[in-house]
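Here is a walk through a structure, from one residue out to whole chains. Keep the view open as you read.

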Amino acid sequence: MAFRDAIFKRRIVIEQSSVAAPGAIAFRAPGASTSDAVVLRGLTKSFTKQRGWRAVLTGKARESVRALSDVSCDVRAGEFFGLLGENGAGKTTLFKILATLVIPDAGSATVGGYDVLKAPSRVRETLAPVIADERSLHWRLSGRENMRLFAALHGLRGAEAARRIDELLALVNLVEAADRLVSGYSSGMKQRLLVARTLLARPSVLLLDEPTRSLDPISARSFRQFLRKDVALAHGCTVLLATHNAEEAFELCDRVGVLHRGRLVATGATSELAREVGEDRFAIWIRPADQVAIDSLVARGVMRDAKVTPAEVEGWSRVECDLRGGLDGAAETIAFLARAGVNVARCEPVKLSLADLLERVLARHGNA
Amino acid sequence: MHKVWALIRSNWLSATSYKLGFIFSFGSLVLSIVPIFFITGALQNTMANVIKGQGDQYFAFLVVGLIALNLVSSTIYALPGGLQTATSTGTLEALLATPTSVTALLAGLSGYEVLLSLVRGLVMLLAAGLLGAHVAWLQLGASLPIVALVVLAHLPIAIITAAMVLAFRTRGPLPQLVLLASTFLGGVYYPTAVIPGWIESISAFLPLTYGLTALRAVLLEGKSIATVWRDVSILLAFTAVSLVVSTVAFKAALRYARRVGNLAQY
C-alpha cells in the first residue's frame, strides 16, 4: 500500500465525468497525461440467450442478455487500470471487444488511436491479451517452442526472435524449465509463460483477465509483484486488469473502474476509490454492548450502518460500522464510548469485500 | 508464409511428442498395403479390362485411388478438425489475437495434416512399388501439380465445413456426403465408366473423378500432363469458383461468430 501511495499520491478532485456513463462517479486526477491508450465511447453489447427446443417450437421470442451498456472510459498511456466487477459484470466481454474477438452492437473502442472495428489488425499489433486460461498454451510443446511459435506469429524471426525469447524467459524466471514440455509446468509457471508469450510483441497495451484466479495466495502475491514491477513499470505497458478481487485491484492499479451488470458505475484513482468507499469502515470491540450509546453516536451522525455481533470472547461485542471522518471519527467515537462507561478493547479499519465495495459504489451511483 | 510454417512446425512437434503413436501409424500404413496387394492380385484378371486406359494393373490402380482418397479426406477434415482442436484446447483465441491473417491461420492449422497425408501417400506408393506396383516413377514430379489441384479443389469444402464449425460448432453433413460420394462414385475402387445409369452422372460433379483420371494417366500410363488438360481445366475451374464461394461463406461465419461472441467457445 505504501508503495502504491508513494507512486500515485495525487490530489484528487471528485467530479462528474464527461466520459463515464451518465450518473457514474468519476475521480479524476488533474495533471495526468492526456494521451489515451484506450478510449471507449458508449460501448454496448448484448448476447442472445440460447433457446431450448420448447422455446423454438412454441415460437417464443429470443431473449437477450445485456453484457455491456453504454460504457465510456479513457485509459491513459502507461496506466495500470483495473476493471473490478463480480462474475458476469461484463469485464471479459469488454476485453474481447478490445482484442477484436467480439464485435460491439453500438459505440466505439480505440486502442492506441486505432478503431477495433475499422483497423482490427492494427489493434492486434498494439494490444495483446494475456489469455489466462492455461489451456491456451500448447501443452505438448516446450516453453521455448510455445514462445517460438508466437514470436513467428508476431512477425519476429531468426536471431531477433531467439534473443527476445531468451530475454523474456529470463524475465519470467523460466530459463531452466524452457526446454521442458509445458504439460509438466505448475500453474504459476504456466501463468508466467502466458505473460512472457504476450510480451513477445512488445505490446503497448496489455489485457490481463483474472490472471491469478488459478494461483494459491502466495503464488498470486508473487505474481502480482511481477506484474507491477517487471511488466508494467519495466516495459512501460498500459495494463488493463480485469479482476473480482478488490485487494488485487487496489494493490496493483493506478485507477479502477467498477463494472456492474454491464454498466461502468464508477471510475477513479485506486487510493481515492478505496478511501471514498472503504476507509471509513471500522470494527470496534466493546463491553458491554450499550445500544443507547451506539444509538446516540448514530444520532450525532458520527456512526452509521452499525452492526453489533457477539465477539469471540464472552461479554465482548463487535460493532462494525462507518465512522464519519475516518481516524478522527474513530478517536471521537472511542472517547464518547469511554465517557459513556463502555470499555473499548480494539478499534481497527475493516477491509471491504468486493460485494461490500460494489454495494457502496452502487449506493453512491444511485445517489449520483 | 513464415507464420504458416511456424504453425505447421508446432503441430508437427506436438504430434511427434507422442513418439510411439507416430511410429506405429507409419508402420500400420506399410502393413495395410500387404492385404491390398493379395486381394488386387486375385482380382487382376477380372479388372484388367475394366481399368483399361488407367494403367494395366489393378493393384497400382487401387493404391493411387486410396492415396488420393486419403488426401481428399485429410484436406476436407484437416481445417475444421484443426479449428475444433484449437477451440477445445483453448489455443484459438490466443492465435486469433495475434496479428496473423485468417488465411495464414487456416493454412497453418490444416497444413500439417495435409502434408502428413502427402508423406503417407508417398510412403504407401513406395511400399506398393516394393511389392511390384507398375508406376511410372519418372512421372512422379509431373503428378505433383495434379495432386496439388486435387487438394485445392477440395479445400473449399473444408473451408465451408470450417465456417460451419466456427458459426454453429458442428461440421454439418457436407464433408461426409462429399467423402461418401467420392469413395463410391469418384473412381477410387473402379473407374466411373462402370457405374450404372443416372448414378454415374453424379460422378461428373465430383472433383476427385477428374483428379484421379489425370493422376492415373500421368503416374500409371506415363502420359504427359498436356494429355490430361481437359481434366486439369475442369479441376481449375471448379477450384476457382468454389474457393470464391467458400471464402465468402467463411468471412460471413467469422463475422457471425464475432457478433454472437462464440469465437473461442467450445
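Begin with B:A86, which is found in helix α3 of chain B, spanning residues 58-89. The model here is a predicted one. Is B:A86 buried or exposed? B:A86 has 22 other C-beta atoms within 10 Å. A residue counts as buried at 20 or more, so B:A86 is buried.

What does B:A86 touch, once its neighbours within four places in sequence are left aside? B:A86 is in contact with B:T91, B:L92, B:L95 and B:L109. B:T98 and B:A86 are 12 residues apart in sequence. In space, their C-alpha atoms are 14 Å apart.

Stay with helix α3 of chain B and turn to its packing against helix α2 (residues 19-47) of chain B. The axes of α2(B) and α3(B) come within 8 Å. They cross at roughly 120 degrees. An angle from 65 to 115 degrees would count as roughly perpendicular, and one over 145 as roughly antiparallel. From α2(B), the contact is made by B:I36, B:F37, B:T40, B:G41, B:L43, B:Q44 and B:M47. From α3(B) come B:Y58, B:F59, B:L62 and B:V63. Which kinds of residue make up this contact of α2(B) with α3(B)? Eight are nonpolar and three are polar. No charged residue takes part in the contact of α2(B) with α3(B).

Helix α1 (residues 2-16) packs with helix α5 (residues 102-130) of chain B. Their axes are 8 Å apart, and the angle is about 45 degrees. Angles under 35 degrees count as roughly parallel. The pair α1(B) and α5(B) is therefore oblique. The crossing of α1(B) past α5(B) is right-handed. On the α1(B) side, the residues are B:K3, B:V4, B:L7, B:I8, B:N11 and B:W12. They meet B:A104, B:A107, B:G108, B:L109, B:G111, B:Y112 and B:L115 in α5(B). The contact of α1(B) with α5(B) holds nine nonpolar residues, three polar ones and one charged one.

Now step back to the whole of chain B. How many helices and strands does chain B have? Chain B has 10 helices and zero strands. Along the sequence, the pattern reads α-α-α-α-α-α-α-α-α-α. The C-alpha atoms of chain B fill a box of roughly 60 × 45 × 30 Å along the principal axes. For 266 residues, a compact globule would have a radius of gyration near 18 Å. Chain B has 19 Å, which agrees. Of the 266 residues in chain B, 46% are buried. Take the contacts in chain B between residues at least 6 apart in sequence: 76% of them join residues at least 24 apart.

One loop residue in chain B deserves a look. B:R169 is found in the loop between α6 (140-168) and α7 (174-185) of chain B. Phi of B:R169 is near 60 degrees, a positive value in a residue other than glycine. B:R169 has 13 C-beta neighbours inside 10 Å, so B:R169 counts as partly exposed.

Chain A comes next. Chain A has 13 helices and 16 strands. Of its 368 residues, 44% count as buried. For contacts in chain A with a separation of 6 or more, 70% come from residues 24 or more positions apart.

Two loops of chain A carry backbone features. A:R261 lies in the loop between β11 (255-260) and β12 (263-269). A:R261 has a positive phi of about 50 degrees, although A:R261 is not a glycine. With 16 other C-beta atoms within 10 Å, A:R261 is partly exposed. A:P288 is in the loop between β13 (281-287) and α11 (291-299) of chain A. The peptide bond from A:R287 to A:P288 is cis, with omega near -5 degrees.

Last, where do the two chains meet? In chain A, 27 residues are in contact with 24 residues of chain B. On the chain A side, the elements giving two or more residues are β3 (36-48), α4 (120-126), β8 (127-130) and α5 (143-153). The most come from α5(A), with five residues. The chain A side divides into 14 nonpolar, five polar and eight charged residues.

Conventions:
Residues numbered from 1 in each chain as written. Chains lettered and ligands numbered in written order. Predicted model: local features only at pLDDT ≥ 70, side-chain atom pairs only at ≥ 80, totals over all residues. Axes fitted to C-alpha atoms, helices over the stretch in contact; angles between N-to-C directions. Helix = DSSP H or I, 4+ residues; strand = E, 2+ residues; numbered from the N terminus. Left-handed = near helix turned anticlockwise from the far one by under 90°. Contact = placed C-beta atoms within 7 Å. Nonpolar A, V, L, I, M, F, W, Y, C, P; charged D, E, K, R; others polar. Buried ≥ 20, exposed ≤ 12 C-beta atoms within 10 Å, placed from the backbone. Rg over C-alpha atoms; globule rule 2.2 N^0.38 Å.
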